Amino acid sequence: MACGSTSLWAGETSWFCCGSSWGPCGSTGTGACGTCQSSRNMAAWPNLTSACWNVTNPAACGENMPRRGCGSVVNVKHQCSGATVCVTLADCGPNTQMWCSEKTCCNGVCRTHRVIDLTPAAYSAIGSLSSGLLPVYIYE
């Protein structure tokens, strides 16, 4: 899996559960791509398909994010600590339009709008699950 260093987006990340029971998660579906597992470094992206885009509607928050399909790989970097994790897109989400005014800050710099959700394995690689939200940069 190759993770790039070209800037793609910035915003907030949260975490979600998918696949078989693991860590803080019970068993759930395997996501829009049918491959999502909480125990692997995976993510949900709001513009996975046109149907996904219509549900998540990041444009309602002014985010016109590019389409990236199932199996695309992105690098997610914690804005504060610099920790990174390479993830594979495996689901549709987050529902960005629900959190347009949400803001997360560190070191005097804030990020708004949830633009990517990470599995617990991926989120734990860059921050504590108890934090709930992290400001991040996304690269491809």
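This report walks through a predicted model, starting with its barrel and ending with one tryptophan.

## The barrel

Let's begin with the strands. Six of them form a closed barrel, in the order β1-β7-β2-β4-β3-β8, and the pairing is mixed. Going from one strand to the next, the twist averages 45°.

Now pick out one pair. Strand β3 covers residues 73-78 and strand β4 covers residues 84-92; the two run antiparallel and are joined by five bridges. Look along this pair and you'll find asparagine 75 standing opposite cysteine 86 in β4.

In soluble globular proteins, nonpolar side chains tend to be buried together. Here, the largest nonpolar core has 22 residues, and those touching the most other members are Val74, Val76, Val87, Ile116, Leu118 and Ile138. Strands β2, β3, β4, β7 and β8 each give two or more residues to this core, and so do α1 (50-56) and α2 (120-126). Another core, of six residues, lies apart from it, with Cys18, Met42, Ala44 and Ala90 among them.

What does valine 76 touch, leaving aside residues up to four places away in sequence? Its partners are Ala83, Thr84, Val85, Val87, Ile116, Leu118, Ile126, Val136 and Tyr137.

## A look at tryptophan 45

You'll find tryptophan 45 in strand β2. Is tryptophan 45 buried or exposed? Its relative accessible area is 0%, so tryptophan 45 counts as buried, the cut-off being under 20%.

The side chain of tryptophan 45 reaches the backbone oxygen of proline 66 at 2.9 Å. Aspartate 91 is 46 residues apart from tryptophan 45 in sequence, yet their C-alpha atoms are 6.5 Å apart in space.

Notes
Residues are numbered from 1 along each chain as its sequence is written. This is a predicted model: local features need pLDDT of at least 70, side-chain atom pairs count only at pLDDT 80 or more; totals for chains, interfaces and linings use all residues. Side-chain values use heavy atoms; hydrogens and water are left out. Two strands pair if DSSP finds at least two bridges between them. Helices (H or I, at least four residues) and strands (E, at least two) are DSSP runs, numbered from the N terminus. Axes are lines fitted to C-alpha atoms, for helices over the stretch in contact, and angles run from 0 to 180 degrees between N-to-C directions. A nonpolar core is a set of buried Ala, Val, Leu, Ile, Met, Phe, Trp, Tyr and Cys residues joined through side-chain atoms within 4.5 Å. Buried means under 20% relative accessible area, exposed over 50%, partly exposed in between (1.4 Å probe, protein chains only). Contact means heavy atoms within 4.5 Å. A polar contact is a pair of N or O atoms within 3.5 Å; within protein, one must be able to donate a hydrogen and the other to accept it, and residues adjacent in sequence count only if both atoms are side-chain atoms.
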